[in-house]
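Please look over the sequence and the structure before reading on.

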Amino acid sequence: MFLGVGLFLGLKVGSLSTSYATVGEALFAYDPANATHYSILNLRLPRLLLAFLTGASLAFSGYLMQALVNNALADPYLLGTASGASLGASFSFFLFADLTFMGLYLPPFFALVGSFAVTLVVVVLGSRRGQLIPSQMLLVGVALSSLLTALVSLIMFLSDSESQLKSVVFWSMGGFEKADWSNLGYPATALAAGLVVFFFLQRHLAVLLLGADRAETLGVDVRLIRWVMLVTVSVVTGFAVAFSGPVGFVGLMVPHVTRALLGATNRANLLFSALAGGLFLVACDLISRWIYPPAGMPVGIVTSFFGVPFFVYLLRRKNYRFS
Amino acid sequence: MIHQVTVTLAGFRSVFQKQGLFWALLCVLLFPACETRKTPSAPTSAVHTVTDDLGRQLTLPRQPRRVMALTPSLTEMLFAVADTASIVGRTQNCDYPAAALTKPVVNNYPMDYERLLSLKPDVVFATDGIISMEVAAQVQKLGIPVYFQTYDSVADILRGIRDLGFLLQREEKANALADSLQARLHQLAIDSSRSARPRVLAITWRDPIYVFGRNTLFTDKLRYAGGQNAVTETFAQPYPALTREYILKMNPEVIIGGDFEKMDKTFFSLYPELRRVDAYRHKRIFEVTDDLMSRPSPRVVEGIAELKAVLR
């Protein structure tokens, strides 16, 4: 129900004034010459879907990540995804003046390469003889993120023009305005694949939350499932960040909200997390555009402003326990 | 804009800025007759209190010997008005006129206070919005007064030129320049009044899309150039971020930001939906000189002429 209202409002709010009837018309009797119809289907809907996909991807990845390292503070960026993507994007601003190469807009591509490369390093340093060691990976991730942030600062410091500096800053604020039907497919595919994989593995995941030793005695291949989780998180988060920038807090908060509402081991947790994350980000994007029209303030500001009070309330309300 | 008080205390220039202001005010209170007393006998020791465009009171030497601007536009103004020998430095971004390049460089971001101090300017000039108050306060602590100018319109720039003429005792030159610029502006405006005024959108940033808003000089420049700013709403930010939908809605007839081929490969491939706007369909997408666009300098009239040329 919330989903429906959120999506509908998302289609209605914009610079061109739109009635509810117009939204319906645009969906069911599309007229390409009508500017409002065009905006609804080609601008508002992709933007909405990108916001939804980003929120869903981050919340989904955050849930997996917290289960993987068994730590309440974990978020999807623990693997260095955000800082790696920032470094990658910064490189593209630094190296290519017009940011396009053979028609390809480079920053998302570089961000993706950066996030995967960094995740690989974190995984190599965080594992021993093919066995992931979550606590070690966590520390390596944090340490490496600081290093990468320092590298981004170095690039900003060395940048010889104000425009490179601006590019890095704007990129780090994130946003959904570049959303386009042609680039929604990548994050959507990544998230869908992740959801399918863990639809089949959800029982294993619940068992893993009891602790690695107990899961092992219950017949779960802990080593394998950890690798699957890791690869899923890095791919899903990588694509979300590449197209929307490093949106903060969703990946940390929504999994906790899910557990507070549904309990720590509910079977629908992962799916609910993804839905709630997507919806939350759609709502935040709407609020940001409503407060600060037309383009909205950076969505990361809104997620924290509205998310943190609710988050604190939930944590205090139920004597909430992580596991 | 400028009101002056004559103060004739010997050795005043060496007194600290804050104290100077105090004494100047005291002087105003105790000796109202000071105003009319002209003392040509000791012009070098004379200081006066002036109010800059932000309403800040400053005590400046009556005849500054060493001056410097902290922004490129004001460096251009100084070179147009001041005795060029009195200009002691420039910032890393000041590249016009060519003569400016021979002056020592003081970084303005981050501000190189030591280098600035070593050049011993009597006064530095700053543009509101580019040099922060924090930096200005720091410079004043070094005993160097910072005079701010701010411009809401092209007329303000001409007024700024005249103000500089007064402050540097170069009124004749400054007024002649301002008068000739005024005459050219007048001519441009007359020519422009005859044709239709296309809606012009000037883009400053691609991702996200930032544009020249209503409350920028650009709006006023278009008035002379024969266009109108496509952005009709006034936003809190002078250079607001816009959505694609907003741009589709206002449907600009001309876009400034790069030549057609370049914009087609960059901006419009990033936002293919915007190919529906009139400016794209009629290929009225142009590049103009960045510095003329962004600097509120005496070359503003040149910038208007350039805009006019592409709008025609």
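Helices, of at least four residues, and strands, of at least two, are DSSP runs that are numbered from the N terminus.

## The annotated span

The model is predicted, and in it chain B has 13 helices and 13 strands. For residues 66-312 of chain B, an unreviewed UniProt entry lists "domain: Fe/B12 periplasmic-binding"; this span is 44% helix and 14% strand, and its end C-alpha atoms lie 44 Å apart.

Of the 312 residues of chain B, 42% count as buried. Among the contacts in chain B that link residues at least 6 apart in sequence, 62% join residues at least 24 apart.

## Confidence

The mean pLDDT of chain B is 86, with 86% of its residues reaching 70 or more. Over residues 3-43 of chain B, however, pLDDT stays under 50, and for this stretch the model has 53 contacts beyond four places in sequence. For the complex, the predictor gives an ipTM of 0.79 and a pTM of 0.80.

## The contact with chain A

Chain B brings 16 residues to the contact, and chain A brings 18 residues. On the side of chain B that touches chain A, the elements that give two or more residues are β11 (241-242), α8 (244-250) and α10 (267-270) of chain B. The element that gives the most to this side is α8(B), with five residues. Sorted by class, the side of chain B that touches chain A holds seven nonpolar, three polar and six charged residues.

Technical notes. Residues numbered from 1 in each chain as written. Chains lettered and ligands numbered in written order. Predicted model: local features only at pLDDT ≥ 70, side-chain atom pairs only at ≥ 80, totals over all residues. UniProt positions renumbered as here; feature names shortened; annotations may be inferred. pLDDT = per-residue confidence, 0-100. Contact = placed C-beta atoms within 7 Å. Nonpolar A, V, L, I, M, F, W, Y, C, P; charged D, E, K, R; others polar. Buried ≥ 20, exposed ≤ 12 C-beta atoms within 10 Å, placed from the backbone.
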